[in-house]
Amino acid sequence: MAFAKLDSLRAIISLLYPSACAICSAKVDVRQYLCHQCEAKLVRIKPPFCSKCSEPFQGAITNPFDCANCAHRTLYFENAVAAFRSRGLARRVILNFKYGGQIHLRHLVASWLFAALDDERLRTREFDLLVPIPLHPARERERGFNQAALLAELLAHQVAVPLRMALERIRYTQTQTAYDRAERMENLHDAFRLRKNMNVRQLRVLLIDDVLTTGSTLSECARVLKEAGAISVHAATAARA
Ligand SMILES: [Zn+2]
Ligand SMILES: [Zn+2]
């Protein structure tokens with residue numbers, strides 16, 4: 001009886017933590033998603049970086065600073081944090097997760113998101129609410145899921161902070177990559193709004209997305225949340241372009 005229980009427990013653990021690397025299928029320790037070789041290919045974002053958008057700076061700088069990108073525009077979030085660069089292997093994992101039908105990779109990507117919270121700008125903060133960046137309903141139907149919502153669900157569980165789909169995307173925007181920065185902001189204007197019956201008044205919000213590119217989407221969502229009375233809006237993403 002006790003053995004049967006132990007076996008089923010093992011079965012559950014191996015489901016939650018497969019013993020093969022998510023990329024190359026090499027054997028890994030329990031609770032590891034990647035083998036050491038694959039893990040070593042991830043590019044961790046280390047200081048010095050922009051205090052606002054976490055863009056790494058090549059060179060020696062010790063004072064807090066804002067990058068040239070952030071210094072000349074209004075960003076409505078307090079800061080946006082990511083632990084890894086969205087390059088090479090990390091980028092491939094995220095693409096496979098979002099577009100390649102490999103939804104199981106959400107656990108790995110969520111672990112990067114979790115790593116982002118171990119940032120000195122976020123570590124000691126308390127949040128009242130996690131809010132994923134919404135997709136337009138048409139795009140969500142097309143993809144079958146909202147990647148930010150899947151990641152936020154896993155994170156909410158780990159950090160014990162409630163999750164609400166507080167925002168909705170009301171404009172179907174073309175993919176942002178074809179636009180320059182000014183066009184992106186224009187493209188995003190009025191793209192989001194607070195959902196009916198949602199109340200974020202007096203709340204400290206943590207916005208969640210998979211990848212931070214220019215920060216325009218996060219900023220636009222932060223603007224809507226602050227207009228609706230949120231006290232503060234920080235942002236955490238799994239990776240940064
Ligand atoms: Zn591997
Ligand atoms: Zn910046």
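In which loop is glutamine 202 found? In this predicted model, glutamine 202 sits in the loop between strand 4 and strand 5. Its phi is near 65°, which is a positive value in a residue other than glycine. Most residues other than glycine have a negative phi, and most peptide bonds are trans. Glutamine 202 is also exposed, because its relative accessible area is 56% and the cut-off for that word is over 50%.

## The chain as a whole

The protein chain has 9 helices and 6 strands, and of its 241 residues 46% count as buried. If we take the contacts in the protein chain with a separation of 6 or more, residues 24 or more positions apart account for 71% of them.

## The nonpolar cores

The largest nonpolar core has 39 residues, and those with the most contacts inside it are Val109, Trp112 and Ile208. At least two residues of this core are supplied by each of strand 1 (80-85), helix 4 (88-99), helix 5 (106-116), helix 7 (147-159), strand 5 (204-212) and strand 6 (232-240). Helix 5 gives the largest share of this core, with 7 residues. Another core, of 28 residues, lies apart from this one, and among its members are Cys50, Cys67, Ala191 and Phe192.

## Helix 5 and its two partners

Helix 5 and helix 7 pack with their axes 9 Å apart, at an angle of about 60°. Helix 5 is therefore oblique to helix 7, and it passes helix 7 in a right-handed crossing. On the side of helix 5, the residues that meet helix 7 are Arg106, His107, Val109, Ala110, Leu113 and Phe114, while helix 7 contributes Leu150, Leu151, Leu154, Leu155, Gln158 and Val159. Sorted by class, the contact of helix 5 with helix 7 has 9 nonpolar, 2 polar and 1 charged residues.

How do helix 4 and helix 5 cross, left-handed or right-handed? The crossing of helix 4 and helix 5 is left-handed, and their axes come within 9 Å and cross at roughly 130°. Helix 4 and helix 5 are therefore oblique to each other. In this contact, Ala90, Val93, Ile94 and Phe97 in helix 4 meet Arg106, Leu108, Val109 and Trp112 in helix 5. By class, the contact of helix 4 with helix 5 has 7 nonpolar, no polar and 1 charged residues. Val109 of helix 5 takes part in the contact with helix 7 and in the contact with helix 4, and Val109 is also named among the residues with the most contacts inside the largest nonpolar core.

## Backbone details in the loops

Proline 47 and proline 48 are joined by a cis peptide bond, with omega about 5°. Proline 48 has its place in the loop between helix 2 (36-39) and helix 3 (68-71), and glutamine 58 lies in the loop between helix 2 and helix 3 as well. Glutamine 58 counts as exposed, because its relative accessibility is 72%. The C-alpha atoms of glutamine 58 and proline 47 are separated by 9.4 Å, and these residues are 11 residues apart along the chain.

Aspartate 190 is a residue other than glycine with a positive phi, near 60°, and it lies in the loop between helix 8 (181-188) and strand 4 (192-194). With a relative accessible area of 44%, aspartate 190 is partly exposed.

## Serine 86

Is serine 86 buried or exposed? Serine 86 counts as buried, because its relative accessibility is 10% and the cut-off for buried is under 20%. The loop that holds serine 86 runs between strand 1 and helix 4. Not counting residues up to four places away in sequence, serine 86 touches Arg91, Val211, Ala239, Arg240 and Ala241. The C-alpha atoms of serine 86 and threonine 213 are separated by 9.1 Å, although these residues are 127 residues apart along the chain.

Notes:
Residues numbered from 1 in each chain as written. Chains lettered and ligands numbered in written order. Predicted model: local features only at pLDDT ≥ 70, side-chain atom pairs only at ≥ 80, totals over all residues. Heavy atoms only, no water. Core = buried A, V, L, I, M, F, W, Y, C linked by side-chain atoms within 4.5 Å. Buried < 20%, exposed > 50% of the residue type's maximum accessible area, 1.4 Å probe, protein only. Helix = DSSP H or I, 4+ residues; strand = E, 2+ residues; numbered from the N terminus. Axes fitted to C-alpha atoms, helices over the stretch in contact; angles between N-to-C directions. Parallel < 35°, antiparallel > 145°, perpendicular 65-115°, else oblique. Left-handed = near helix turned anticlockwise from the far one by under 90°. Contact = heavy atoms within 4.5 Å. Nonpolar A, V, L, I, M, F, W, Y, C, P; charged D, E, K, R; others polar.
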